[in-house]
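Hi,

Here is the structure I said I would pass on.

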Amino acid sequence: MTTLRDKTPGFGVYLHWPFCAAKCPYCDFNSHVRHQPVDQTRFAAAFRREIATMRERSGPREVTSIFLGGGTPSLMEPATVGALLDAVAEHWTVPNGIEVTLEANPSSVEADRFRGYRAAGVNRVSLGVQALNDQDLRFLGRLHNVAEALKAIELARETFPRLSFDLIYARPGQSVDAWSAELDRAIGLAADHLSLYQLTIEEGTRFQLLYDAGKLSMPDSDHAALLYEITQDVTAARGLPAYEISNHARPGAESRHNLVYWRYGEYVGVGPGAHGRFIENGRRNVTFTEKMPETWLDRVETHGHGVIGGEVLTREEEADEFLIMGLRLTEGIDLTRYEALAGHPLPLRRITELQDEGLVEPVGNTRLRATPRGMIVLDAVVADLARE
C-alpha cells in the first residue's frame, strides 16, 4: 500500500464504463442511460482492442494502479470486469496486490456481484453515497436511499480490503451543524477513505438549467468556505486528514490511482470519453476518445481505437499542469521537478509574496505547498505562480 512518503508518480490505467441507470442532475461526466441491455460481450472485446492499441503507443510499463470509473461500472457483470482486467495484465506488467478500484452505486450493489468483482481482482471499491439523508438523496437524483447506502457500505467492508465513499456538501439549505453531524456519521462508517466534494453548478447539467432559471439557490461563497473549513477540522480530528483538497484518508490509505493524477504521473485512458496522458517518443501526449458509446464502439471495431484527438504538450504546458495538479496535495510539489519540466524555476519573488500572504509555505528545502488558507483560493494561487 502506498503512503505519502512514497512520492513516485506511477503509471495508471483508467477504464471508463459510460452507462448509468439514471443521469444525476449535478453530473457532467460522460455517462449515458440505455433502456435496452448493453451488449457487454461486444463492449469488452472493444476495450481489449483499445487496450492493445494503447500498449503499442505507451510501450512496456509496470502498472501501479487500475481504476474502473464511469458512468456506473457496478452495472457490469463480474465476467466483464474480469475480461477488462485480464486484458490490462496481458499488455502491461501488473504486479500482484496493486490497487484496483471499481466505482459502484449503492442502488446497483448485490452480494454475489461484489463477490464476483473481488474474485476478478478488484481490491478497492468507491461507493457513490453522496448524502446520508433521504431528502437530499432525492434532490441529488440518486436512486438509492440511506438504508440501501448503509447496506452497501457494510457489504463493501465485508468483501473488499479497502473502501472509499463520496459525499457532496454545500447543498442548498445545508447548515454547519447538519453537515458536521452527517460528516461525523460518515467517518464512523468509513473504512479508510472519504471523498468529500463541494456541490458546484456544472455546465450542461440539469442543475445549471434550474440555477439559470432562478429555481435553484446555492450557498454563498462565505458559507461554502465555512463548510470546507469544518470538513478539514472534523476529518483531521477523527483521523482522516485531507491529503488533497477533496480527499481524506487514514495514513497509508490514500488512493494510489488518484495520486498518479495529482503527482503528474502517466496514465492511459480506455473507453468512451476517456482521457490519457503518457510519454510517447519522449514527449507527453494527451489523448481523448469518442464520448458516444456506440460511436466509440464502431470506431474501435473499425480502427482498433476510439481516439479522436489529442496533443503533444510543450514544456511550459507540462509545468503548468504539474503545478495545477500538485498544489492540490497537502504534500505540495517538488520545486526541482517543476524546474526540470519548465526549464526555469518558479519566481522566488512570487513565492515570497504568497508566503507573506499566508497562502503557500515551504516544506523542507525542495518542496512548496498551499496552506489551508491557500487551498480555499487555490486557482488564484496557481495563476499567480504561473504568471510570466
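Below is what turned up, starting with the domains and ending with the cysteines and a glycine.

Before anything else, please keep in mind that this is a predicted model.

As for who touches whom, 10 residues of domain 1 are in contact with seven residues of domain 2. Together the two domains bury about 760 Å² between them, and 65% of that is on carbon and sulfur atoms. On the domain 1 side, the residues that lose the most area to domain 2 are Tyr-228, Glu-244 and Ile-245, which together make up 51% of what that side buries.

Three residue pairs are in polar contact between domain 1 and domain 2, counting pairs with both residues at pLDDT 80 or more. The interface also has one salt bridge. Glu-244 forms a salt bridge with Arg-328, and the closest N and O atoms of that pair are 2.6 Å apart. If you want to find the domain 1 side on screen, look for helix H8 (221-237), strand E9 (242-244) and helix H9 (256-262): these are the elements that give two or more residues to the side touching domain 2.

**The cysteines**

How many disulfides does the model have? The count is zero. Cys-24 and Cys-27 show why: the closest cysteine sulfur to that of Cys-24 is in Cys-27, 6.2 Å away, which is too far for a bond. A disulfide would need the two sulfur atoms within 2.5 Å.

The cut-off for buried is under 20%.

**One glycine**

Gly-204 sits in the loop between strand E8 (193-198) and helix H7 (206-212). Gly-204 is exposed, because its relative accessible area is 70%, and the cut-off for exposed is over 50%. Gly-204 and Leu-132 are 72 residues apart in sequence, and their C-alpha atoms are 26 Å apart in space.

That's the lot from me.

Cheers

How values were computed
Residues numbered from 1 in each chain as written. Predicted model: local features only at pLDDT ≥ 70, side-chain atom pairs only at ≥ 80, totals over all residues. Heavy atoms only, no water. Contact = heavy atoms within 4.5 Å. Buried area = accessible area lost by both parts, 1.4 Å probe. Salt bridge = Lys/Arg side-chain N within 4 Å of Asp/Glu carboxyl O. Polar contact = N/O pair within 3.5 Å; in protein donor to acceptor, adjacent residues only side chain to side chain. Helix = DSSP H or I, 4+ residues; strand = E, 2+ residues; numbered from the N terminus. Buried < 20%, exposed > 50% of the residue type's maximum accessible area, 1.4 Å probe, protein only.
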